[in-house]
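Hello,

Here is the structure I promised to pass on. Please open it alongside this message, then read my notes below.

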Amino acid sequence: MKVRELGVDGAYAFEPEVFHDERGSFRSPHQEAPFGEALGRPLFPVAQVSTSVSRRGVVRGVHFTATPGSMAKYVVCAGGRALDVVVDVRIGSPTYGRSEQVELDPEAGTALYLPPGVGHLFAALEDDTVMVYLLSAAYRADRERAVHPLDPELGLELGPDLPSGVEWVLSERDRSAPTLAAAREGGLLPQYADCGAGWAAGGGGGR
């Protein structure tokens, strides 16, 4: 398995080896040994596994959870194709405001680890894009937060990956989400110092 540290502090991409034969293919998106070597500890105890199915052009995010008790996530694409974006919204983080995009699909089997407090977005590039989330805590709507995915300050370059003739589809919640600056002024963003202590517990979710 190839392990790559992303440009957002504490976030990683894990690229498994894919085995092909006459039956099809096989891959292991999570492996304890390489994860532990990269992060110095095993994957969090999984409190919830969630899936989403999205049609082409759907954007979900930028979502994160409130502190204290923000959750960690391990994300993989099980069907279709997605442009996944990790966004650092943690005040005080050495990479605050940075983001990194990784294309996910079931053939490659690449998985992303997102530490607590980090924002997450994905854009579905094909119909029936299936995302699977391993979460360190159960979903709680009252702990969920968001910033607007098209906020110019974030500078997320979703346009070049827009399928021809398709407009991005956002939920009402995401369309009305505050900008990064407004969220910071409103005290909605997590503090970097609060995120490290609660990596394996707490509330919140992301859909």
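This is a predicted model: local features need pLDDT of at least 70, side-chain atom pairs count only at pLDDT 80 or more; totals for chains, interfaces and linings use all residues.

Strand 8 (residues 82-87) and strand 11 (residues 119-124) run antiparallel and are joined by six bridges. Leu 83 has Ala 123 in strand 11 as its bridge partner. Asp 84 is found in strand 8. Is Asp 84 buried or exposed? Its relative accessibility is 0%, so Asp 84 counts as buried, the cut-off being under 20%. For a sense of distance, take Asp 84 and Leu 43: they are 41 residues apart in sequence, and their C-alpha atoms are 20 Å apart in space.

**The hairpin**

Strand 1 (residues 2-5) pairs with strand 2 (residues 12-15) over four bridges, in the antiparallel sense. Arg 4 has Ala 13 in strand 2 as its bridge partner. The two strands, strand 1 and strand 2, form a hairpin with six residues between them. Gly 10 sits in the turn and has a positive phi of about 90°.

**The largest pocket**

Gly 10 comes up again here. The largest pocket holds about 180 Å³ of space. It is lined by 15 residues, and the closest to its centre are Gly 10, Arg 41, Arg 90, Tyr 113 and Pro 115. Which helices each supply at least two residues of the lining? They are helix 1 (32-39) and helix 4 (192-195). By type, the lining of the largest pocket divides into nine nonpolar, two polar and four charged residues.

**The cavities**

There are two cavities of 30 Å³ or more. The second largest cavity has about 30 Å³ of space. Its lining includes Phe 64, Thr 65, Ser 70, Met 71 and Lys 73. Leu 114, Pro 115, Gly 117 and Val 118 also line the second largest cavity. That lining divides into five nonpolar, three polar and one charged residue. Note that Pro 115 is among the residues closest to the centre of the largest pocket and also lines the second largest cavity.

**Thr 65**

Thr 65 deserves a separate view. Thr 65 lies in strand 6 (residues 59-65). With a relative accessibility of 2%, Thr 65 counts as buried. What does the side chain of Thr 65 reach at 3.1 Å? The answer is the backbone nitrogen of Met 71. A polar contact of 2.5 Å also joins the side chains of Thr 65 and Ser 70. Thr 65, Ser 70 and Met 71 are among the residues lining the second largest cavity.

**Val 130**

Last stop. Val 130 lies in strand 12 (residues 129-135). Val 130 is partly exposed, with a relative accessible area of 23%. Val 130 and Gly 79 are 51 residues apart along the chain, yet their C-alpha atoms are separated by 4.7 Å.

Best wishes

Note on methods:
Residues are numbered from 1 along each chain as its sequence is written. Side-chain values use heavy atoms; hydrogens and water are left out. On a 1 Å grid over the protein atoms alone, a cavity is a set of points where a 1.4 Å probe fits but cannot get out, and a pocket is an open set with protein on both sides within 12 Å along at least five of seven lines; lining residues have an atom within 4 Å of a point. Grid points are joined across faces, edges and corners, and a volume is the space filled by probe spheres set on the points. Ala, Val, Leu, Ile, Met, Phe, Trp, Tyr, Cys and Pro count as nonpolar, Asp, Glu, Lys and Arg as charged, and the others, Gly among them, as polar. Buried means under 20% relative accessible area, exposed over 50%, partly exposed in between (1.4 Å probe, protein chains only). A polar contact is a pair of N or O atoms within 3.5 Å; within protein, one must be able to donate a hydrogen and the other to accept it, and residues adjacent in sequence count only if both atoms are side-chain atoms. Two strands pair if DSSP finds at least two bridges between them.
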